[in-house]
Amino acid sequence: MAKAFQKLPRLIQILLLLIPGVNWITEIVVRISAVFEKTSARNVLGLILAVVVGFVFGWVDLIWCLLFKHLIFCKA
């Protein structure tokens with residue numbers, strides 16, 4: 001799912017991260033799949049931050065996705 005998210009057009013990525021409830025669910029699903037695909041400290045840290053901080057981290061991810069085409073602390 002993480003690789004599929006990265007292959008989506010940037011507009012779709014931004015729309016998924018722009019809607020408040022949807023961005024949190026999208027982040028959790030993408031980050032869990034990234035941890036299953038490649039277990040690293042970066043992916044686990046991103047998952048923990050997304051669960052704990054939630055919506056605030058979603059806005060940071062929106063900016064990060066605009067700049068770098070992937071979620072922060074999420075490399076698949």
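Helices here are DSSP runs of type H or I with at least four residues, numbered from the N terminus. By this rule P20 lies in helix α3. The model is predicted: local features need pLDDT of at least 70, side-chain atom pairs count only at pLDDT 80 or more, and totals for chains, interfaces and linings use all residues. Residues are numbered from 1 along each chain as its sequence is written, and side-chain values use heavy atoms, with hydrogens and water left out.

A residue is called buried at under 20% relative accessible area, exposed at over 50%, and partly exposed in between, using a 1.4 Å probe and protein chains only. In helix α2, which spans residues 10-18, the buried residues are Q13, I14 and L17. They lie on the same side of α2, because the arc they cover around the axis is only 95 degrees; the arc is taken from the directions that run from the helix axis to the C-beta atoms. An α-helix has 3.6 residues a turn, so residues three or four places apart point the same way.

The buried residues of α2 pack against α1 (2-7), α3 (20-37) and α5 (55-68). Contact means heavy atoms within 4.5 Å. On the α3 side, L16, L17 and L18 of α2 meet P20, V22, N23, T26 and E27.

Two packed helices are described by the angle between their axes and the distance between the axes. For α2 and α3 the angle is about 110 degrees and the axes are 5 Å apart. That makes α2 roughly perpendicular to α3. Axes are lines fitted to C-alpha atoms, for helices over the stretch in contact, and angles run from 0 to 180 degrees between N-to-C directions. Angles under 35 degrees count as roughly parallel, over 145 as roughly antiparallel, 65 to 115 as roughly perpendicular and the rest as oblique.

P20 is partly exposed, at 45% relative accessibility. From P20 to N43 there are 23 residues in sequence and 22 Å in space, C-alpha to C-alpha.

**Aromatic pairs**

Rings of Phe, Tyr and Trp (its six-membered ring) pair if their centres lie within 6.5 Å; planes under 30 degrees apart count as stacked, over 60 as edge-to-face and the rest as tilted. The structure holds two such pairs.

| Pair | Centre to centre | Angle between planes | Type |
|---|---|---|---|
| W24 and F55 | 6.4 Å | 40 degrees | tilted |
| W64 and F68 | 4.6 Å | 45 degrees | tilted |

The pair of W24 in helix α3 and F55 in helix α5 links distant parts of the chain, 31 residues apart. W24 is partly exposed at 32%, and F55 is partly exposed at 43%. W64 and F68 are four residues apart in helix α5, so about one helical turn separates them. W64 is partly exposed at 29%, as is F68 at 44%.

**Cysteines and H70**

A disulfide is a pair of cysteine sulfur atoms within 2.5 Å, and a search of the whole structure finds zero of them. The closest cysteine sulfur to that of C65 is in C74, 10 Å away, which is too far for a bond. C65 is buried at 0% relative accessibility, and C74 is buried at 2%.

H70 sits in the segment after α5 and is buried, with a relative accessible area of 14%. Leaving aside residues up to four places away in sequence, H70 touches Q6, W64, C65 and K75.

Terms used:
Helix = DSSP H or I, 4+ residues; strand = E, 2+ residues; numbered from the N terminus.
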